[in-house]
Amino acid sequence: QNLKACLEHPDFQSFLSLHSLTVQPAELVLAFTHTSFSHEYEVPHQELAEFFGDAVVQFIVTAELMKLFPGEKEGKLSKLRSSIVNEKTLSVVANYLKLNDLILVGRGEFTKELHNQDTVLADTLEALVAKIYAHHGMEFTSARFLSWLESAAPEAFNLDNLESYDAKSKL
């Protein structure tokens, strides 16, 4: 009974409407289902979607980099992509979208605020992107993700960011 209420919560439908998504609610909820919740309630979890979503996000960012910087060296673009497609930046986007309000975690993990940790936020964003891609295709998914990225991290595609990113990676 409680699980059904969780899975049919109106916040998921609101999220779909707010972002003009036609993902089936059950599929959307899967993107937000952490393994801790899955183990507790014996329902599917987000890990495969997260795996696929990581590749979709990598592709979207790579394509955008190629469009923005057609004459740039591969090594520089690779570093810029790494500065965007990482836990820190993806969690910023996830926080912007308030994904933590929708992530389903187990009871113990909820008290530890697992749903607010960068790694869980980034993983959930990737799982969400996979579900959007599956239902809307690449063009829509790319436009949606890039608009979220632009809103949450407007400097993400700035080549000047590489200096501070390189300094951090050298540490």
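**Helix packing around α5**

The axes of α5 and helix α9 (residues 118–152) come within 7 Å and cross at roughly 45 degrees; axes here are lines fitted to C-alpha atoms, for helices over the stretch in contact, with angles running from 0 to 180 degrees between N-to-C directions. The two helices, α5 and α9, are therefore oblique to each other, a class left for angles that are not under 35 degrees (roughly parallel), over 145 (roughly antiparallel) or 65 to 115 (roughly perpendicular). The crossing of α5 with α9 is left-handed, which denotes a near helix turned anticlockwise from the far one by less than a right angle, clockwise being right-handed.

This is a predicted model, in which local features need pLDDT of at least 70 and side-chain atom pairs count only at pLDDT 80 or more, while totals for chains, interfaces and linings use all residues. Residues are numbered from 1 along each chain as its sequence is written, and side-chain values use heavy atoms, with hydrogens and water left out.

Contact means heavy atoms within 4.5 Å. On the α5 side, the residues that meet α9 include Phe 52, Val 56, Phe 59, Ile 60 and Glu 64; their counterparts in α9 include Ala 127, Ala 130, Tyr 133, Met 138, Phe 145 and Leu 146. The residues of this contact divide into 14 nonpolar, three polar and six charged. In this division Ala, Val, Leu, Ile, Met, Phe, Trp, Tyr, Cys and Pro count as nonpolar, Asp, Glu, Lys and Arg as charged, and the others, Gly among them, as polar.

Glu 64 lies in helix α5 and is buried, with a relative accessible area of 14%. Buried means under 20% relative accessible area, exposed over 50%, and partly exposed in between (1.4 Å probe, protein chains only). Not counting residues up to four places away in sequence, Glu 64 touches Leu 146 and Phe 157.

Helix α5 (residues 47–68) also packs against helix α6 (residues 74–84): their axes come within 10 Å and cross at roughly 135 degrees. These helices, α5 and α6, are therefore oblique to each other as well, and their crossing is right-handed. Gln 58, Val 61, Thr 62, Leu 65 and Met 66 in α5 meet Leu 77, Leu 80, Arg 81 and Ile 84 in α6. Six nonpolar, two polar and one charged residue make up this contact.

Beyond α9, Ala 156 is placed in the loop between α9 and α10 (161–170). Ala 156 counts as buried, at 9% relative accessibility. Leaving aside neighbours within four places in sequence, Ala 156 is in contact with Leu 80, Ile 84, Leu 149 and Asn 161. Ala 156 and Arg 81 are 75 residues apart in sequence, yet 9.2 Å apart in space, C-alpha to C-alpha.

Helix α2 (residues 10–18) has Phe 12, Phe 15 and Leu 16 as its buried residues. They cover an arc of only 100 degrees around the axis, which puts them on the same side of α2; the arc is that of the directions from the helix axis to the C-beta atoms. Pro 10, Ser 17 and Leu 18 are exposed on the other side of α2. After α2 comes Ser 20, with a positive phi near 55 degrees.

Finally, the chain as a whole contains 10 helices and zero strands, where helices (H or I, at least four residues) and strands (E, at least two) are DSSP runs, numbered from the N terminus. Of its 171 residues, 44% count as buried. Among contacts between residues at least 6 apart in sequence, 70% join residues at least 24 apart.
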